Every structure is written in structure tokens, then in C-alpha cells.
Amino acid sequence: EDDLQFICCEDCRKESPNLRLLTCLHTLCLSCLSKNKSVGQCPMCQTAIPQASSIPDMDNLLFTNLQARLEVYKKVIDGVDLLCGNCKKDGEFWCSKCEEFLCTRCFEAHQHYLKRESHKAMRVVDIRAGSAKEFLKGTRKTGNLFCPNPTHQSQVVSIYCRTCKRALCCSCALLDSHQASFCDILSETRRRQEELGTIQQRLQQKRRGLEATYAGLQAEATRLERGQQEMRELIRQRVEQLVGLVRREEEELLGLVEAGQEQGHRELKRELERVEGVLRRMEASERLVEKMNLYATEQEVMDMQPFIKDSLEELQQLQLPVVGDQMQSGDFVECRARLQAL
């Protein structure tokens with residue numbers, strides 16, 4: 001579906017198992033990222049790539065996991081290799097927690113023995129009848145977070161410690177001797193999602209200001225171009241009335257106009273490119289936060305939210321350039337004076 005093209009590399013538009021999220025919140029595959037290492041800039045918005053001599057270490061877990069889940073949906077639609085993971089018979093159900101297809105008989109056993117584990121199996125015919133987006137949303141909240149403590153690796157994380165800022169299993173929380181402030185992991189993931197949404201709302205207001213600035217810069221560039229063309233025409237009309245010796249004056253005047261406008265054009269071009277890059281970063285942030293809200297698991301939120309939050313806050317701190325503060329078009333005073341003298 002066209003709506004799901006966002007899970008591809010934003011440069012080559014291809015799916016990849018190795019997607020990296022840059023600080024500008026654009027997503028590139030390792031191949032495209034390697035091509036841009038020597039340049040040291042994001043190919044989408046020209047923002048500097050940190051650690052340009054190596055590969056940034058933030059995996060885009062959301063997009064990578066969505067690709068894997070989408071592959072399951074494609075297998076269901078194509079009817080390929082839908083075999084029960086237990087007895088190898090035709091798979092009639094899909095358990096997103098077990099990540100296996102089940103035949104009817106194994107499904108009944110699965111439901112009986114795992115009825116308290118909140119395993120939600122979906123019928124293959126229902127998956128096939130629905131859309132890819134519905135399938136991705138249906139498998140969104142099925143992932144469990146497991147304790148990072150090596151002695152509790154089988155324990156499901158359900159508690160978040162606000163003091164040490166990490167997720168804990170019940171055993172770790174009980175053994176914690178500090179006066180820590182605890183909350184459940186769902187509340188923390190919800191709070192982080194809301195925090196991203198709040199930052200994004202503020203960025204949207206700033207984006208409107210940037211868009212107005214960008215439009216102003218474009219108008220300024222057009223005005224400079226128009227003024228330059230008008231002055232060229234005036235110079236040519238006057239010079240055409242003169243003979244022999246005045247031709248040298250024509251060239252000098254044209255050169256004066258070009259020199260006078262060159263710096264203004266360079267400054268405008270730099271500002272336009274910078275604002276374009278920031279706008280693209282903001283567009284990427286809007287898309288990413290939207291997709292996090294729609295599809296992210298708790299694990300993905302816990303892993304990715306601090307990184308994304310830092311990038312959004314960096315965007316929020318950017319100062320809007322003021323149109324016309326640094327770039328003032330000349331009035332061609334010297335040109336007019338020399339023309340009058342002619």
C-alpha cells in the first residue's frame with residue numbers, strides 16, 4: 001500500500017533490514033548512509049551527520065519491525081508457506097506473540113494452555129480480508145519488554161522507575177533498596193508518547209513561522225532578480241544610444257550590477273537551503289511521531305523516544321531567520337549616477 005511506503009529508506013525508497021534513524025529524523029539504509037559518509041550530510045535535508053566517519057548507532061526499530069510484520073501479512077495474502085509451526089499442517093491461525101501459524105487442532109491446544117497469557121491469535125481468513133494497516137495495528141501491542149538484569153531475563157518488565165529512569169521487572173522493583181518512585185510501564189510509555197505529541201505541537205507552530213520566512217525569502221529573491229533584470233534593461237537601452245567609446249562604459253556598468261547582487265544572492269541561497277533542510281526535518285519528525293502513535297510497541301517507544309525527543313527539542317531551539325535583516329538589495333545609486341553623467 002502507498003500509505004506504508006514510509007517504512008522504506010527515504011533516499012533509495014527500498015526496504016532494508018538495516019534502517020538507521022539520523023538526528024534529523026530521516027531514515028536511511030546502510031547503503032545510502034555509507035554513500036553520504038564522505039559528504040557528512042543527510043541527502044534529504046543536508047543536516048550534518050554525527051559520526052560521519054562511522055555509522056550512527058540508532059536503529060529505527062519501528063520501521064524495521066513494521067517491515068517484519070508486513071512480511072507476515074504478505075505471506076498470508078500470497079498463501080505461501082502457511083504451515084503450522086508445530087505439526088506442519090495447513091496454518092489457519094496466526095499468533096503474533098508466538099510468531100507462528102497454527103492449524104485448527106494446535107490452535108485449540110494453544111488457546112487452552114495459554115489462555116491466561118493474553119495470546120491473541122488471528123484467523124488467516126480474517127487477516128486476508130483486512131488491510132495491511134489493520135493487521136499492523138492488530139499486532140501493535142503484542143510485544144513484551146523483558147528485564148535487562150541477566151538473572152531475571154525471563155521476567156516481563158511491567159514497572160518503570162522514575163528515579164533511575166529504567167524499566168524493571170517485579171523482582172528488581174522489590175529488591176530495590178532506594179526510595180524510588182515507581183509507575184507501571186504502560187503509564188510511562190503513554191507519558192512518553194504524549195511528551196512527543198506536545199513537543200510536536202509546538203514544532204508545528206514554529207514550522208508555520210518557518211514557512212512564512214521561507215516564502216518571504218523566496219519573494220526577496222524574486223524581487224532582487226526583478227530589480228537586477230530591470231537595471232540591466234535600462235543600462236542596455238541607454239548604452240545602445242551611444243557609440244564606440246561608450247561601449248566600455250556599458251560593460252563596466254553591467255559588471256557593477258553583477259558584483260553588487262552576487263553577495264545578496266549567495267546569502268539568500270544559503271538561507272533558503274537552511275530553511276528547506278529544517279522544513280524537511282520537521283516533516284520527517286511529524287511523520288515519525290505519527291507512525292510511533294499508530295504502530296509502535298512499548299519496546300520501540302522505550303528504545304526510541306529519548307533519541308527522537310532530543311532531536312525534536314533541538315529543532316525547537318532553532319532560531320527563525322528574519323527576512324531582510326541581513327540581505328538588503330542595493331538601490332544601484334552608483335549605476336544611476338554614472339548613467340546620468342552619460
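Predicted model: local features only at pLDDT ≥ 70, side-chain atom pairs only at ≥ 80, totals over all residues.
Gln46 is found in the loop between α1 (30-35) and α2 (61-78), and its phi is near 65 degrees, a positive value in a residue other than glycine. Most residues other than glycine have a negative phi. Arg13 also has a positive phi, in this case near 60 degrees; Arg13 is placed in the segment before β1 (19-21) and is partly exposed, with a relative accessible area of 42%.

An unreviewed UniProt entry lists residues 9-46 under "domain: RING-type". In the model, the chain over residues 9-46 is 16% helix and 16% strand, and the C-alpha atoms at its ends are 16 Å apart.

## The sheet β4-β3-β5

Three strands form an open sheet in the order β4-β3-β5, with antiparallel pairing. The edge positions belong to β4 (100-102) and β5 (121-123), each of which pairs on one side only. Neighbouring strands of this sheet are turned by 30 degrees against each other on average, direction ignored. Strands of a sheet pair through backbone hydrogen bonds, either parallel or antiparallel. Between β3 and β4, which run antiparallel, there are 3 bridges, and Trp94 has Phe101 in β4 as its bridge partner. Helix α3 packs on the sheet and touches β3, β4 and β5, its direction making about 110 degrees with that of β4.

## An aromatic pair between β3 and α3

The structure holds 1 aromatic pair, formed by Phe93 and Phe107, whose rings are stacked at 3.7 Å centre to centre with 5 degrees between the planes. Because Phe93 lies in strand β3 (residues 93-95) and Phe107 in helix α3 (residues 104-113), the pair ties together parts that are 14 residues apart in sequence. Phe93 has a relative accessibility of 9% and so counts as buried, and Phe107, with a relative accessible area of 16%, is buried as well.

Another group of 3 strands forms an open sheet in the order β7-β6-β8, and here the pairing is antiparallel. The edge strands are β7 (166-168) and β8 (182-184), each pairing on one side only, while neighbouring strands of this sheet are turned by 35 degrees against each other on average, direction ignored. Strand β6 (residues 159-161) pairs with β8 in the antiparallel sense over 3 bridges, and within that pairing Cys161 stands opposite Phe182 in β8. Helix α7 (residues 185-240) packs on the sheet, touching β6, β7 and β8, and its direction makes about 85 degrees with that of β8.

Gln305 has its place in helix α9 (residues 298-317), and its relative accessibility of 2% is the reason it counts as buried. When neighbours within four places in sequence are left aside, Gln305 is in contact with Arg192, Glu195, Leu196 and Glu300. Among these partners, Arg192, Glu195 and Leu196 fall within the residue range 185-240 of helix α7, whereas Glu300 falls within the range 298-317 of helix α9.

Conventions:
Residues numbered from 1 in each chain as written. Heavy atoms only, no water. Phe/Tyr/Trp six-rings, centres within 6.5 Å; stacked < 30°, edge-to-face > 60°. Helix = DSSP H or I, 4+ residues; strand = E, 2+ residues; numbered from the N terminus. Buried < 20%, exposed > 50% of the residue type's maximum accessible area, 1.4 Å probe, protein only. UniProt positions renumbered as here; feature names shortened; annotations may be inferred. Pairing = 2+ DSSP bridges. Axes fitted to C-alpha atoms, helices over the stretch in contact; angles between N-to-C directions. Contact = heavy atoms within 4.5 Å.
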